[in-house]
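Student: Before we look at individual side chains, could you show me how to read the strand pairing in a model like this one?
Tutor: Let us bring it up and begin with the general idea.

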Amino acid sequence: MIGQVAVRRFPALTVSTPRTEVRRLVATDAAAVDEVFGDRQTQRWLPLAEAAGQIDGRAWCTELARQRRDSGDGDHWAVVRREDQRVVGCLWSRRTDWGARLTEVSYAIAPHARGYGLAVEAVDAVAIALILEHGFHRVELRVAPGNVASRRVAEKAGFSYEGLLRNAGFVRGARVDLELWSFVAADLR
């Protein structure tokens with residue numbers, strides 16, 4: 001087994017900030033998830049094929065989340081606004097490398113909750129928890145150039161810009177470059 005790392009189940013994670021709670025998604029969150037992913041602005045930046053259609057909220061909250069956790073690749077979380085307990089967004093991790101102890105985090109916020117810093121709070125809290133509580137060394141964000149709002153979230157959450165990954169991703173079936181942002185343990189000092 002030299003050079004191989006056993007597949008691990010992604011750790012359970014719940015974090016709170018002054019205005020949000022990030023927790024695992026459950027089946028009853030499906031309608032809120034449909035609202036988040038049904039938004040045209042959100043769909044503009046999702047890495048899906050043009051013909052993929054809309055993400056099914058129920059599957060996203062249940063089967064897809066469980067498959068990602070069980071494979072060790074990542075997890076799916078709800079961003080809950082504490083003042084009214086409403087699910088206002090989704091975070092998810094993927095591309096987890098257990099040998100290097102790194103993962104990539106992505107996020108989407110419902111239209112009515114944008115512009116209030118909730119994504120920044122949630123992304124920052126998840127990155128810190130992954131590093132301090134779960135032993136990760138690196139959390140990455142990948143942002144399509146032109147997605148100014150997502151770039152601002154990365155900056156405000158304390159991520160550092162590392163460079164451009166040329167032709168590394170796709171949005172709605174078209175190949176795009178991706179900005180690489182990272183958060184590491186040294187960023188906590």
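Tutor: Two strands are said to pair if DSSP finds at least two bridges between them. In this predicted model, β1 and strand β2 (residues 20-24) meet that condition with two bridges, and they pair in the antiparallel sense.

Student: Which residue is the bridge partner of Val15 in β2?
Tutor: The partner of Val15 is Val22.

Student: In what order do the eight strands of the open sheet lie?
Tutor: The order is β1-β2-β3-β4-β5-β6-β8-β7, with mixed pairing. At the edges stand β1 (15-16) and β7 (160-171), and because each has a single partner strand, one side of each is left without a neighbour in the sheet.

Student: Is Glu179 buried or exposed?
Tutor: Buried means under 20% relative accessible area, so Glu179, at 8%, counts as buried. Glu179 belongs to strand β8 (residues 174-184), and its side chain makes a polar contact of 3.0 Å with that of Arg151 and another of 3.1 Å with that of Trp181. Leaving aside residues up to four places away in sequence, Glu179 also touches several others, including Leu141, Val143 and Tyr161.

Student: Which residues of helix α6 are buried?
Tutor: In α6 (residues 148-156) they are Ser150, Val153 and Ala154. These residues lie on the same side of α6, because they cover an arc of only 100° around the axis. They pack against β5 (102-109), α5 (118-132), β6 (138-143) and β8. Just after α6, Gly158 adopts a positive phi of about 90°.

Technical notes:
Residues numbered from 1 in each chain as written. Predicted model: local features only at pLDDT ≥ 70, side-chain atom pairs only at ≥ 80, totals over all residues. Heavy atoms only, no water. Helix = DSSP H or I, 4+ residues; strand = E, 2+ residues; numbered from the N terminus. Buried < 20%, exposed > 50% of the residue type's maximum accessible area, 1.4 Å probe, protein only. Polar contact = N/O pair within 3.5 Å; in protein donor to acceptor, adjacent residues only side chain to side chain. Contact = heavy atoms within 4.5 Å. Arc of directions from axis to C-beta.
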